Structure formats: C-alpha cells, structure tokens
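This briefing is meant to be read beside the sequence and the coordinates. Its topics are the relation between the chains, the contact they form, and a few residues taken one by one.

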2 protein chains.
Amino acid sequence: MSEQLSPIPVVHTIDAIRELVQEWKRQGLSVGLVPTMGYLHEGHQSLIERAAQDNDRVVVSDFVNPIQFGPSEDLESYPRDLQRDTALVERAGGSVLFNPTPAEMYFPNRTTAITMSTITEELCGKTRPVHFGGVCTVVAKLFNIVTPDRAYFGKKDAQQLLVIRRMVRDLNFNIEIIGCPIIREADGLAKSSRNTYLTEAERAAAPVLHRALERGRMLAESGERSSEVIIAAIREVLDSEPLTDTEYVEIVDLETVHPVPTLDQPVLVALAVRLGTTRLIDNFFFPDEL
Amino acid sequence: MSEQLSPIPVVHTIDAIRELVQEWKRQGLSVGLVPTMGYLHEGHQSLIERAAQDNDRVVVSDFVNPIQFGPSEDLESYPRDLQRDTALVERAGGSVLFNPTPAEMYFPNRTTAITMSTITEELCGKTRPVHFGGVCTVVAKLFNIVTPDRAYFGKKDAQQLLVIRRMVRDLNFNIEIIGCPIIREADGLAKSSRNTYLTEAERAAAPVLHRALERGRMLAESGERSSEVIIAAIREVLDSEPLTDTEYVEIVDLETVHPVPTLDQPVLVALAVRLGTTRLIDNFFFPDEL
C-alpha cells in the first residue's frame, strides 16, 4: 500500500489516555478498545479493523500483564516490538496505542484483585491457576481507564472471551464485548504471538491442531453428538504427530465451561497442546456463534 | 419546613437508573452517588446534602447487600423502610432513589468477586471475614451502573472508606471518593441504622463509645504519642460501663490499616463494642483529615 498514514500517538500514562478519551467523549465520539499484550499479528489486526468499523476512535492497549503469568511461565521471554506494533495499529485504523509500564499499572502495595470461580478452573485454568484472575484484573483496570463503548477479544482465547463476558455481566460494566474470528496462517495454524517460539520442526507440525479440530467439526456437522466420539477423533489426529504432547481436548458448555457429554447445546470444542516448550491453544464453537 | 418538595423517582432496575444517568450526562450534568443500605438517618442525610452541593444530580442507592453479611449476621433483621427513606432523600436534595432487588443485582450463577487482602483483614475484618469483599463487589457494581463523578461514604465506617479508596486506586475507577464526618446524637452516640436494635438500657449505655474516644483524642491532642497509653485510657472508659463487651480498640496506619505503636503519622483510632447482641463501631482520625 502506498497510502500515506499519519503517525498515531503512543501514550504511556493513565492520565494521558484518560484525557484523550475524555476529549473524544466530549465530542460525542464512540470509543472501541482492543486490549493486547503487543507483538501484534494479523489476528490483532483483524480486531483493530473491526473496532475501527464499529467506533469513531480505537484505543489499542499494548501491555504484557505480569499478573496473568504463573511463576514458571514466559513473562520474561514474551516477545515485544513496540515500533512494529505502532505501525500495525496505524495500518489497521487504530487511533492511539496505550503502552503503560508495569509500575504505571500496578501500585507496589496493591491489595485489590478480581477473582472468578468455577469457569476459570476449567480448560486452561487447570494448568494456569492465576491466569484468569490476572486477566480479569487488568481488563477491569483497562475498562475503567479507557471507558470504551465496545471491547474486542479474539475467539482464539475462547475461555478468556467467556470469562470477560461473565465479568462484564457480574460486575455490570456497560461495555459491549465483541468476539472476533480466529485468523490463521495459510496452513491452518492459528496466529499467535507465541508461534515465534516454535522451532522449524515444531512449526511444521503445528497445523495438526487445526487439522484435528477440523476433523471434530466435520463429525459434529455430519450429525455426531457424542463428545467422547468427537474427542477421540481429535486426539487420534493429534497423536498422529509425534511432536505433540496433548494437555487437553474438551467439549464444554458455554455458560459453565464444564465438560458436557453431548453436543445437544451450544458448545466450545477446545484443545491445548505442547510442542516442545511451547504451549498452543485452538478451538471452535459449535454451532459457530458468539 | 413547609417548603413543597417534588416527589423523586424510585427506580428498581439497572436499565432504568442507567437510562436516567445517561440522559443527565448527555446534558453535561455531574452525578454524585450515595450508596446506602437504607433505613436512612441524619448521617446519610448529611452525605446526600453534601453530594447535592457538589453535583448537579444525586443518586442514592438503597440496597441491603446480602453478600456483605456473614452467615450469623443480621441480614434478615436489618431494618427497612423505603417510604421513609424516599422522603428523607427528597428532603436532603437527592434526585433519585435506586432500590434494586437482590435478584436484579446478582445473577444466580455469578462467579466474579472483588477481593482485597491485608487491609480487609484488620479491625472489623477479623470478625467479619466476608464483609469487605462483599462491600467492594457491590460498590464496584454500583460504580459501573451509576458511573458517578463522585461517591460519598461516612467516616463512621472508617475501614470501609479506606477499603473503597484503595479499590478505586487499585482498579482505576475514575471516581472521586469523599469521606464525610460522623453525625452524632445529642449525647454523642454515632448515628447508625443498627442503633434501633438497642434496648433502653443499652441505648443509655451506648454514648460510652464516644466518651471513651474523646478521652483518647484529648490525650493525643495534649501530646501523648504512645498507642498503648491511649488504648488503655479508651478501654478504661469503656470498661467503666458494665453493659459493654469490647471487641477491639486499635490505632492503625491509614495505608496498611495495621496497628502502629506511636502516633507519629496520621492514624485511625477505632473501636468495636458489643452491647447485648448489637455490635457498634466508632472512631476518629488523628489528625482529623481524609
């Protein structure tokens, strides 16, 4: 594209982003928020583009949130590239990049947390016990800082989407939560900032996640209603790839996120797989909705 | 007063109060919130009057919040009188009374909570372990529903005021929290909806809380800096009244709410006393501020 883009502001303080948003609101403009941890890819880009369609202004937050990482997780190594992120946000139609420091976001003696029970203990919550509490807390903070009309989350983090929707309902945030489709590489691998961790051999193996889910989806679409049968078929495809170490394959209810024996209600079919030291997730909703 | 007052609306749903506030905001009006559990007295009245001075419109919420009561506490017997409350809100300059049902405020399968550590475990938190989490959760919900510019809390519930200020800071609510002075009966007893539980003999004994605190305040004002000495003097006055059963007398730091040995920093001097089955609290800040 040869189109000239005006540089967007990158703001680092809560006061600065508040001031900007309040000025927009005084002008009667609507505001969308796309919360990210940076290292943006086409998945984030699609969220920003959707937000730019729906809203007069779009805030993209770029913050690697320390409190959603467990002690043995990849906080330190999580990839960062603010300059590239800024260019992508500009290109996608974002209005501003909000990039606070951890010290700007968290007081040293903070004592408040948002916690969620039951639905955060399923799926990824089993191996990531602090994760969703950290997500809820930072998203609530971003909601209070930016006060958007709408906020955009990718369906790739499907449990996160369900958790955020629940938090919004339970705490009465007046914000519309919009889930956006998974964006994939040409070979089917779901876009993820963590794909950068994969070795060449792991990267070559990684599309098996999508192939396995497609096998499950075909079964469901052809009328199969047994979770056990569908899960077994998905696992069979995953197991055909020797580099994969499957953490879970589950079919869960959208409200409770608890496993269900049959597909007689809307469900989420989700899996988590390790490829070497990298943990990848993928999923589909059936029927496709949300 | 013979002045004619126009009746204020009493709204019972979240949608209705939101619509009202959003219309005010479209008109550029400022909004104050006075969260209460109803059975309003002159203490609440002073909060509403202050809010009416500071803001164009004042929402008074009137909701006995079930999740801030422990299992053995007085949720069922907590006094209620919506008609009297409405008249008081009108008289004090409130714009609307928001009186939701518990079912309107809480989904049956809610899973989200706001929790606070350390400062909620001191003072009243020792005997009321679920209390402040329940307060934080309902206040956060009210903040999200009403989106006020300012919210008003009485200093009588001093620990609550410190907890709410902390929650606002930690979660970045863009709301100014205003603490208002304790309002007392002629004999010094702090106004409280729970005073209605007192028998005649207990009511006659109850001003001892204030007398005891005044003894402590005089010592502090005359230069005494030992918490131990001041607490002993307060306890001596309390113990002079045979009906009292002292739960705690403590002098704590305003940030940590943890006991401090000396008054070399701003402190809260707080006590909780049982009179029969009724639990009363009272306090003063030294120096008087906040």
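The model is predicted. Chain A is superposed on chain B by a rotation of 180° with 0.0 Å of shift along the axis, the RMSD being 0.0 Å, and the two copies are thus related as by a two-fold rotation axis. The contact between them draws 28 residues from chain A and 28 residues from chain B, and the area buried between the chains is about 2600 Å².

**Symmetry of the two chains**

- Among the residues of chain A, the one whose C-alpha comes closest to the rotation axis is Ile114(A), at 2.3 Å.
- The copies meet through the same surface, because 100% of the interface residues of chain A are also interface residues in chain B.

**The interface between chain A and chain B**

- Of the roughly stated total, about 2600 Å², carbon and sulfur atoms give 43%; on the side of chain A, Thr111(A), Thr112(A) and Asn172(A) supply 25% of the area buried against chain B, more than any other three residues.
- How many salt bridges and how many polar residue pairs are counted across this contact? The count of salt bridges between chain A and chain B is 0, whereas 24 residue pairs are found in polar contact, with both partners at pLDDT 80 or more.
- On the side of chain A that touches chain B, the elements giving two or more residues are helix 1 (14-26), strand 5 (112-116), helix 5 (131-146) and helix 6 (158-171).
- By class, that side of chain A is made up of 10 nonpolar, 11 polar and 7 charged residues.

**Salt bridges within the chains**

- Side chains of opposite charge can pair when their charged atoms come close. Over all chains, the structure holds 32 salt bridges.
- In chain A, the side chains of Arg217(A) and Glu214(A) form a salt bridge with an N to O distance of 3.2 Å; the two residues are 3 residues apart in helix 8 (residues 208-221) and so are separated by about one helical turn. Glu214(A) is partly exposed, its relative accessible area being 28%.
- In chain B, Arg217(B) and Glu214(B) likewise form a salt bridge, with their closest N and O atoms 3.2 Å apart, and these residues, 3 residues apart in helix 8 (residues 208-221) of chain B, are separated by about one helical turn. Arg217(B) counts as partly exposed at 21% relative accessibility, and Glu214(B) is partly exposed at 29%.
- A network of salt bridges links Glu42(A), Glu185(A) and Lys191(A).

**Arg279(B) and its partner Glu247(B)**

- The salt bridge between Arg279(B) and Glu247(B) has its closest N and O atoms 2.9 Å apart, and the pair links distant parts of the chain, since Arg279(B) is in strand 10 (residues 278-286) of chain B and Glu247(B) is in strand 8 (residues 244-253) of chain B, 32 residues apart.
- Are the two partners buried or partly exposed? Arg279(B) is buried, because its relative accessible area of 15% falls under the 20% limit, while Glu247(B), at 23%, counts as partly exposed.
- The two side chains also make a polar contact, at 2.9 Å.
- Leaving aside neighbours within four places in sequence, Arg279(B) is in contact with a set of residues including Cys124(B), Thr127(B), Arg128(B), Arg194(B), Tyr248(B) and Glu247(B).

- Thr278(A), found in strand 10 (residues 278-286) of chain A, counts as buried at 1% relative accessibility. Not counting residues up to four places away in sequence, Thr278(A) touches Arg194(A), Tyr197(A), Leu198(A) and Val273(A).
- Ile145(A) lies in helix 5 of chain A and is buried, with a relative accessible area of 2%.
- The C-alpha atoms of Ile145(A) and Arg18(A) are separated by 6.2 Å, although these residues are 127 residues apart along the chain.
- Beyond the neighbours within four places in sequence, the contacts of Ile145(A) are with Ile14(A), Ile17(A), Arg18(A), Phe98(A) and Met105(A), and also with Asn172(B). Asn172(A), in turn, is one of the three residues that supply 25% of the area chain A buries against chain B.

Methods. Residues are numbered from 1 along each chain as its sequence is written. Chains are lettered from A and ligands numbered from 1 in the order in which they are written. This is a predicted model: local features need pLDDT of at least 70, side-chain atom pairs count only at pLDDT 80 or more; totals for chains, interfaces and linings use all residues. Side-chain values use heavy atoms; hydrogens and water are left out. Copies are superposed by least squares on the C-alpha atoms of residues with pLDDT of at least 70 in both. Contact means heavy atoms within 4.5 Å. Helices (H or I, at least four residues) and strands (E, at least two) are DSSP runs, numbered from the N terminus. Buried means under 20% relative accessible area, exposed over 50%, partly exposed in between (1.4 Å probe, protein chains only). Buried area is the accessible area (1.4 Å probe) that two parts lose on being put together, summed over both. A salt bridge is a side-chain nitrogen of Lys or Arg within 4 Å of a carboxyl oxygen of Asp or Glu. A polar contact is a pair of N or O atoms within 3.5 Å; within protein, one must be able to donate a hydrogen and the other to accept it, and residues adjacent in sequence count only if both atoms are side-chain atoms. Ala, Val, Leu, Ile, Met, Phe, Trp, Tyr, Cys and Pro count as nonpolar, Asp, Glu, Lys and Arg as charged, and the others, Gly among them, as polar.
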